[in-house]
Amino acid sequence: MPLSLVLETVLLDPVLTIFRHIFSFWQGHAPDLGLALVAFSLTINLLLAPIYGEMERYEASQSERRTKIQREVERIRKHFRGRERYFYIRTIYRHYKYSPAVAMLGSGSLLLQICVFYTAYRYLRDQPQFAGVAFGSIPSLAEPDRLLWGVNLLPMLMTAANIASAFLRSNERRQRIQASALAAMFLVLLYSSPAAMLVYWTTNNFVSLVRSLARRTGRQVWPSAWRAGFARLAELD
Amino acid sequence: MLDPSRIQGGLPVFAYIDPGTGSALVYVISGVVISLYFAMRGLYLRLREAVARGAARYEKCCIAIHGEDPRYEITFLPVIHCLAERGVDVTYFTMYERDDSFDPLPAGVKHRSIPPGMVGYAYLNHLAAEILVTTTPQLDVMTFRRSRRVRHYCHLPHALGESRYVRPYAYDFFDSVMCCGRILERNIRRMEEIRQLPQKRLFATGIPHYDILLRERPPDRAASERSVVLVAPSWGPMSIFEVFGTSLVKAVARHYDVIVRPHPQMERSQPELYSEVVQLEGVTVDTGRTPLSAMAAADILISDISGIMHEFAFVHEKPVLLIDHRRDVDGLEGYLLGGDSELKELCREFITPVSPSEVDKLPALIATAMHRHSRQRIAEVREDLVYNFGRSAPTAARQLQEILQCL
């Protein structure tokens, strides 16, 4: 049996079963398939909140460490060249016990999240019932939405949420530029996707945006009733 | 598990991710690229080192002493003599040939000449010894790496200093440092705190070559009407001669007898300027192997380099005027230590900083410095700043034996 099949059976199938049950539940309770998709996306996000939180905490700690390392590397780059610079940068990594390879392996929650995303993608891809089903102004969930005079609106909403969330998550110019470039790339890549897929991921990105808003501004600007809700949301992290 | 090639409509599955995951993915990809770069570069350097090492044979030493340059002989020889007197097995590795012009080594001390540069370090990186003592900083940073068969690396500084003006990571990976004074000791502890390094052993040792300078110090010349000024600057773009030319010496020579001692490196690196300096009229030019006789003959020193200033002040107990170009420490350890040189501040009474804008007042400044000079005060500050003055070589030998016993 090929390894990929073993992995799919062991890792993917159990999650697919859970997804199937959740989506079936919302199919039976939501007024239409589009709202079932939105509810499905919200439920998955709620279930994944602890993992999101863990990942963000890890990323924040790594980001702080990388900032310190980067500051030292920049100083070395400014004053030294060639071999000397190479050896000093290597020593900086040694002092911080930092290895790009180990840091990569250390982000296990990232791999888990990609795994869950992939499962959702696989699950939605294999659903035949979206063909010809309308959702609001979207004529068919199996086709691109073409809501703005033939231009697809959902990829743009998704990208806007993506960029806004990225700006709320970080004040670092470099990270903002990087996230915006990625969002632009996703816009190009996803532009022609079926609306069902984009409803799911746009909802996903809006949840991410709300969480970023809650984290950044919840304590200062939201009404007290909302703040309590945000606090509960933050507790899930 | 994750198969990016599984696509729908030509779209990679990675595209369906939120900003956090996207950012982390970029981080992962850049991590892979950086890791590959470092792995390839490390492999290249290891290969170069293996080629340089060739088929060298290694013998096991007890205490290996590594001298990178002949100018550090004066640091090591007193310690080697004391170790030999104590019957300790010593092998002296020099990155130069020791011909008959060098002082002979004591009986029983073995000498091995190894090539300079990378080939020599490739040899040292595989040495077998209980302790390796060196003045070369940056162990395990550049090409001088720790050998798995050396149990203890000890750094022996060759001048009174602080870790402010040394290159990055100078002392970080040594097991011990034989400190010349309390300022270096405190600076090293501070750097350990900043970098969260384990504490290394710090010994209150002193400066072994001061023992020799003190013992061989010629008697001071008899007092005469005209005072003698020794001008002994560094070389390079910030040196006195490069910045002010030889006119500074000529101006001083109108009021005092002057001995000029150009830096030996100047002859190689700035031959035209060197030639101009040695041809100066009305001054004595000293190009002897050591500055001892010139220092004994002078009443005051003008310099811009730390080593000779401290020797002149602490061994000969005479005042110094320091032409004080503020050194940029941004790329050095001083950047992390912050503040200004503590040593300079504490020696200010007899190593007087003179800003470059004041050099035209030098004759008057010389008179002031000599007028307020106090040998007693120099001795007090020396006692505070220099460990074991005049007896640091036997101290170093005893401390090395202590290390041996603890291994």
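Analyst: Let us begin with one ion pair. This is a predicted model, and in it the side chains of Glu192(B) and Lys200(B) form a salt bridge with an N to O distance of 3.0 Å.

User: Are Glu192(B) and Lys200(B) buried or exposed?

Analyst: Burial is judged by relative accessible area, with under 20% counting as buried. Both Glu192(B) and Lys200(B) are buried. Another pair to consider is Glu162(B) with Arg164(B), whose side chains meet in a salt bridge at 3.7 Å, N to O. Glu162(B) and Arg164(B) are likewise buried.

User: Which residue forms a salt bridge with Arg377(B), and where do the two partners lie?

Analyst: The partner is Glu349(B), and the closest N and O atoms are 3.0 Å apart. This pair links distant parts of the chain, 28 residues apart: Arg377(B) belongs to helix α15 of chain B, whereas Glu349(B) sits in the loop between α13 and β13 of chain B. Arg377(B) has a relative accessibility of 30%, so it counts as partly exposed. Glu349(B), with a relative accessible area of 44%, is also partly exposed.

User: How many salt bridges are there over all chains, and which residues are linked in a network?

Analyst: The count over all chains is 29 salt bridges. A network of salt bridges links Arg182(B), Arg186(B), Glu342(B) and Asp384(B).

User: Turning to helix packing, how should I read the crossing of α2(B) and α5(B)?

Analyst: Consider the approach of the axes and then their angle. The axes of α2(B), residues 73-85, and α5(B), residues 208-215, come within 7 Å and cross at roughly 90°. Angles from 65 to 115 degrees count as roughly perpendicular, and the two helices α2(B) and α5(B) are therefore described in that way.

User: Which residues of α2(B) and α5(B) meet?

Analyst: From α2(B) come Ile74(B), Thr75(B), Pro78(B) and Val79(B), which meet Pro208(B), His209(B), Ile212(B) and Leu213(B) of α5(B). By class, this contact has 6 nonpolar, 2 polar and no charged residues.

User: Which residues have the most contacts inside the largest nonpolar core?

Analyst: They are Leu127(B), Tyr210(B), Leu230(B) and Phe314(B), in a core of 56 residues. Helix α11 of chain B, residues 306-314, gives the most to this core, with 5 residues. Another core, of 34 residues, lies apart from it and includes Phe19(A), Ile44(A), Tyr123(A) and Leu154(A).

User: What does Tyr210(B) touch?

Analyst: Leaving aside residues up to four places away in sequence, Tyr210(B) touches Leu160(B), His310(B), Glu311(B), Phe314(B), Val315(B), Val386(B) and Phe389(B).

Terms used: Residues numbered from 1 in each chain as written. Chains lettered and ligands numbered in written order. Predicted model: local features only at pLDDT ≥ 70, side-chain atom pairs only at ≥ 80, totals over all residues. Heavy atoms only, no water. Core = buried A, V, L, I, M, F, W, Y, C linked by side-chain atoms within 4.5 Å. Buried < 20%, exposed > 50% of the residue type's maximum accessible area, 1.4 Å probe, protein only. Helix = DSSP H or I, 4+ residues; strand = E, 2+ residues; numbered from the N terminus. Contact = heavy atoms within 4.5 Å. Axes fitted to C-alpha atoms, helices over the stretch in contact; angles between N-to-C directions. Parallel < 35°, antiparallel > 145°, perpendicular 65-115°, else oblique. Nonpolar A, V, L, I, M, F, W, Y, C, P; charged D, E, K, R; others polar. Salt bridge = Lys/Arg side-chain N within 4 Å of Asp/Glu carboxyl O.
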